[in-house]
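Here are my notes on this one, as numbered points. Have the model open while you read.

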Amino acid sequence: MTWQPVDCHAHSTFSDGALSITDVVERAAALGVRPSLADHISRDVAKSITSVADARRYLDALEQIDVLRAGEFCWHDGLWRELPDDLVRRFTHRLGSVHAVRLGDGTLVRAFTSKLPSGLTVDDYMDAHVASVEQLATEMPVDIFAHPTLVALPYRTLDVDLVWTEERETRIVDALFHAGIAFEISSRYRPHDRIVRRAIARGVRISLGSDGHSFDQVADITRPLAMARQLGVADADLYDPTRHGSKRRTAPVATAQQSDQVPRSLGRPHLVAADQSRRRRGRRGSARICRPGRRSTARPRRRSRRRRTTTWSGERALPPRAHGDARFSRGPRLSAMDSSLDRRSPRRARSRRTARLGALWTRRGRSFRNHDVRRHV
Ligand SMILES: [Zn+2]
Ligand SMILES: [Zn+2]
């Protein structure tokens, strides 16, 4: 079977998504993506699964169709602690989120509020954020840390370097590594590339998530996939619950010392060799990460002529680019997803097709055949 990426993080009407679970599955199939539902299971999200009984009904419904079964749990909410083992085992994978951080005095600061406690500095907030992530990694039996760079609304527009220091990134990446939790590249809250490079260099597995709530968002993981490939992650190393399993509640947690000796890679020993080679690459990557003055502020550019392909298979990870190269859109795209992009921007799509046809014309040096025109217009 040809390889297809997994969208490990999508929402349905079981929580705050707009699509039914079958619509999510259909949408993903249309984009050539393997779907999973990861609805909110928390008492602190406006539209969510808020009880153990509702979580059971949710899983009952998911088990009726061919879909991966996940849930997105808020670290700061206690519902995830209440789920019995028999229920936990029915999830194919689980996501932990820091939707709120706890300050030193116990105050919760939610990520979706624009009103912050008076006197709170970005450094106070980020220190609390990192501490919350470390606690999540220690306590929560989850497989993926969702949207790792999600911070409170007022801080999202700040320069990355004001919010993220190298020390903060290192602490988060270390915590995920020791806990065997994957780092999500989110379509919705796109991480800056330095922290993703750091996660890869450390040997943390990468997961792709649309965090889609609507038709346009669900299963659209083009950008996260392009970013992962750009940063040197092989398709086969991307987190796939069917291949890599789930930590579940009973998984042992290695000590930091043990983990340093043998990269656990989510506890799958057969992946150690791959991880070691990634670590070797990572050491070079670290040097790039730490070298000052080489970061580019260039905005990501869209590639005018994209490689056309009918499946995701056969695509190899590209070698890591020089630090600061933000041209993630150079990654290959799926034609089905092209179509969806084209629908959203028909004018640009037309000019892209024209350019593509023009290039074919020049290359072949002969007239178009009719079927070419039909296929591209
Ligand atoms: Zn979330
Ligand atoms: Zn989500």
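1. Start with Asp211, which counts as buried because it has 27 C-beta neighbours inside 10 Å. (Buried means 20 or more other C-beta atoms within 10 Å of a residue's own, exposed 12 or fewer, and partly exposed in between, with C-beta atoms placed from the backbone.) Asp211 sits in the loop between S8 and H9, and has a positive phi of about 50 degrees although it is not a glycine. Most residues other than glycine have a negative phi.

2. A word on what you are looking at: this is a predicted model, where local features need pLDDT of at least 70 and side-chain atom pairs count only at pLDDT 80 or more, while totals for chains, interfaces and linings use all residues. Residues are numbered from 1 along each chain as its sequence is written, and chains are lettered from A and ligands numbered from 1 in the order in which they are written.

3. His147 also has a positive phi, of about 25 degrees, without being a glycine. Look for His147 in the loop between strand S6 (144-145) and helix H6 (160-163). Is His147 buried or exposed? His147 is buried, with 24 other C-beta atoms within 10 Å.

4. Overall, the protein has 15 helices and eight strands; these are DSSP runs numbered from the N terminus, helices being H or I of at least four residues and strands E of at least two. Of its 377 residues, 41% count as buried.

5. Now the sheet. Six strands make an open sheet in the order S1-S2-S3-S6-S7-S8, with parallel pairing; two strands pair if DSSP finds at least two bridges between them. S1 (36-40) and S8 (206-209) are at the edges with a single partner strand each, so one side of each has no neighbour in the sheet.

6. S1 and S2 run parallel and are joined by five bridges, with Leu68 in S2 as the bridge partner of Ser36. S2 (residues 68-74) also pairs with S3 (residues 93-97) in the parallel sense, over five bridges, and there Glu72 has Leu95 in S3 as its bridge partner. Seven of the seven residues of S2 are buried, so S2 is largely enclosed by the rest of the structure. Both faces are covered: Leu68, Ala70, Glu72 and Cys74 are buried on one side, and Arg69, Gly71 and Phe73 on the other.

7. On to helix packing. H5 (residues 122-139) and H7 pack at about 5 degrees, with axes 8 Å apart. (Axes are lines fitted to C-alpha atoms, for helices over the stretch in contact, and angles run from 0 to 180 degrees between N-to-C directions.) That makes H5 roughly parallel to H7; under 35 degrees counts as roughly parallel, over 145 as roughly antiparallel, 65 to 115 as roughly perpendicular and the rest as oblique. Residues in this contact include Met126 and Val130 of H5 and Ile172 and Leu176 of H7, contact meaning C-beta atoms, placed from the backbone, within 7 Å.

8. H7 (residues 166-179) packs against H8 (residues 193-202) too, at an angle of about 40 degrees with the axes 9 Å apart. The two are therefore oblique to each other. Among the residues that meet here are Val173 and Phe177 in H7 and Ile195 and Ala199 in H8.

Terms used. Contact = placed C-beta atoms within 7 Å.
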